[in-house]
Amino acid sequence: MPHRETPGTEGAPATRLRWWTELPLILLVYACYSAGRVFVRGDVTDAVNHGLAILRIEQALHLNAEHPLNRLLTREPWLGIPADFWYASLHYLVTPALLVWLFRSRAVHFRAARTWLMTSTFIGLIGFTLLPTCPPRLLDASHGFVDTMAQYSSYGWWAGEASAPRGLGGLTNQYAAMPSLHVGWALWCGVVLWRHGGTRLARTAGVVYPLVTLVVVMGTANHYFLDAVAGAAVMGAGLLLTPVVLRNADRAKAVVLPRLAPQFAPQFAPQFARRSAPAEVASSVPGSPIVSAGCQTSAGEQFPRQWQQQLEPRFTPGTEPDVSPPARGEDDRTAAVPAR
């Protein structure tokens, strides 16, 4: 069965990827992600109200799976502690590792996959800004949630108030819960493993990793189920926008790079190469149309030799006329002799 590419994930082999250009770009996007979580905090009252509204919607739709999962992880440390490690670690380890793997082993798919991830992340930052949401673990205890990150903080490196390292909990935005980019990034990892892993183990991991992450974010009371749904929707929107982003990026390169340094981007300026090449090549080719100190002849202009060749009549062999000049008076005598 032929392998078909999903729009937005196909390879784009127009340029050769280099790590010293890709790494700063990825770091820039991650810095924007971190800065958005830190500086766009929103109002606490609004965040709590948004969280309670989501909880009421889930209860009305009978989607409230957070409570039973949270009670299970709170009651069973052998499940709760690994879940906290999963939440605090893999989000920042698996995603970069897959980016590096794609870059080294599946380079033809890297650019589209990287653009998909970055576009979705920026959409998620818009969600953090417009809809600050209090996660379940920060709601009043009367709502029945236990903060497992705080309960098991003595087993890990994270602080009691957040999944950040100790002493850095105050630098994170605790109300960046909607959408859940933990689930969104895990879904991206799952798609990458499923499509490009090439083995049954990789495909299995591509299914298990997002599903376990979904259970973990709800069981640790860091996200609502609708946060996870929003995270998946953000990734879907990013996937649809990826071809548009790639086309616009290529257009921008075609305009900007040839002006800044055309020698580093000849593939984006073929018209520049075509304009500059003829003068250089023609000067070294015998019979070049360049005459008079480098001035080129027009398309229809010809040399005198060519004019002479065109003016000469063309005859087949054996039918050439006698081109010797006739003697004076010969034509008159010939005409005066009567025919017999």
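How are α3 and α4 oriented to each other, roughly parallel or roughly perpendicular? The axes of helix α3 (residues 66–75) and α4 come within 5 Å and cross at roughly 105°. Axes here are lines fitted to C-alpha atoms, for helices over the stretch in contact, with angles running from 0 to 180 degrees between N-to-C directions. Angles under 35 degrees count as roughly parallel, over 145 as roughly antiparallel, 65 to 115 as roughly perpendicular and the rest as oblique. α3 and α4 are therefore roughly perpendicular to each other. On the α3 side the contact is made by Leu-72, Leu-73 and Arg-75, and on the α4 side by Pro-77, Leu-79, Gly-80 and Ala-83. Contact means heavy atoms within 4.5 Å.

The structure is a predicted model, in which local features need pLDDT of at least 70, side-chain atom pairs count only at pLDDT 80 or more, and totals for chains, interfaces and linings use all residues. Residues are numbered from 1 along each chain as its sequence is written, and side-chain values use heavy atoms, with hydrogens and water left out.

## The chain as a whole

The chain holds 12 helices and two strands. Helices (H or I, at least four residues) and strands (E, at least two) are DSSP runs, numbered from the N terminus. Read from the N terminus, the order of elements is α-α-α-α-α-α-α-α-α-α-β-β-α-α. Of the 340 residues, 36% count as buried. Buried means under 20% relative accessible area, exposed means over 50%, and partly exposed lies in between (1.4 Å probe, protein chains only). Among contacts with a separation of 6 or more, 78% are between residues 24 or more positions apart.

## Nonpolar cores

In soluble globular proteins, nonpolar side chains tend to be buried together. A nonpolar core is a set of buried Ala, Val, Leu, Ile, Met, Phe, Trp, Tyr and Cys residues joined through side-chain atoms within 4.5 Å. The largest such core has 21 residues, and within it Leu-102 and Trp-188 touch the most other members. Two or more residues each come from α4 (77–105), α5 (107–130), α7 (181–196) and α9 (225–260). Helix α7 gives the largest share, seven residues. A second, separate core of 12 residues includes Ile-54, Leu-55, Ala-221 and Tyr-224.

Beyond its neighbours within four places in sequence, Trp-188 is in contact with Thr-95, Leu-98, Leu-99, Leu-102, Ala-113, Trp-116, Leu-117 and Met-235.

## Aromatic rings

A pair of aromatic rings is described by the distance of the centres and the angle of the planes. Rings of Phe, Tyr and Trp (its six-membered ring) pair if their centres lie within 6.5 Å; planes under 30 degrees apart count as stacked, over 60 as edge-to-face and the rest as tilted. The whole structure has three aromatic pairs. In one of them, the rings of Phe-103 and Phe-110 have centres 5.4 Å apart and planes at 80°, so this pair is edge-to-face. Phe-103 is partly exposed, at 23% relative accessibility, whereas Phe-110 is buried at 2%.

Arg-203 lies over the face of Trp-194, 4.7 Å from the ring centre. A charge sits over a ring if NZ of Lys or CZ of Arg is within 6 Å of the ring centre and within 35 degrees of the ring normal.

## Two helix positions

Gly-190 is in helix α7 and is buried, with a relative accessible area of 4%. Neighbours within four places in sequence aside, Gly-190 is in contact with Gly-206 and Pro-210. Val-215 is in helix α8 (residues 200–219) and is partly exposed, at 40% relative accessibility. The table gives one C-alpha distance for each of these residues.

| Pair | Separation in sequence | C-alpha to C-alpha distance |
|---|---|---|
| Gly-190 and Val-207 | 17 residues | 5.9 Å |
| Val-215 and Phe-225 | 10 residues | 9.2 Å |

## Backbone details in loops

Met-178 and Pro-179 are joined by a cis peptide bond, with omega about 0°. Pro-179 lies in the loop between α6 (148–151) and α7.

His-62 is not a glycine, yet has a positive phi of about 55°. His-62 is placed in the loop between α2 (44–60) and α3 and is exposed, at 74% relative accessibility. Ala-221, also not a glycine, has a positive phi of about 65°. Ala-221 lies in the loop between α8 and α9 and is buried, with a relative accessible area of 0%.
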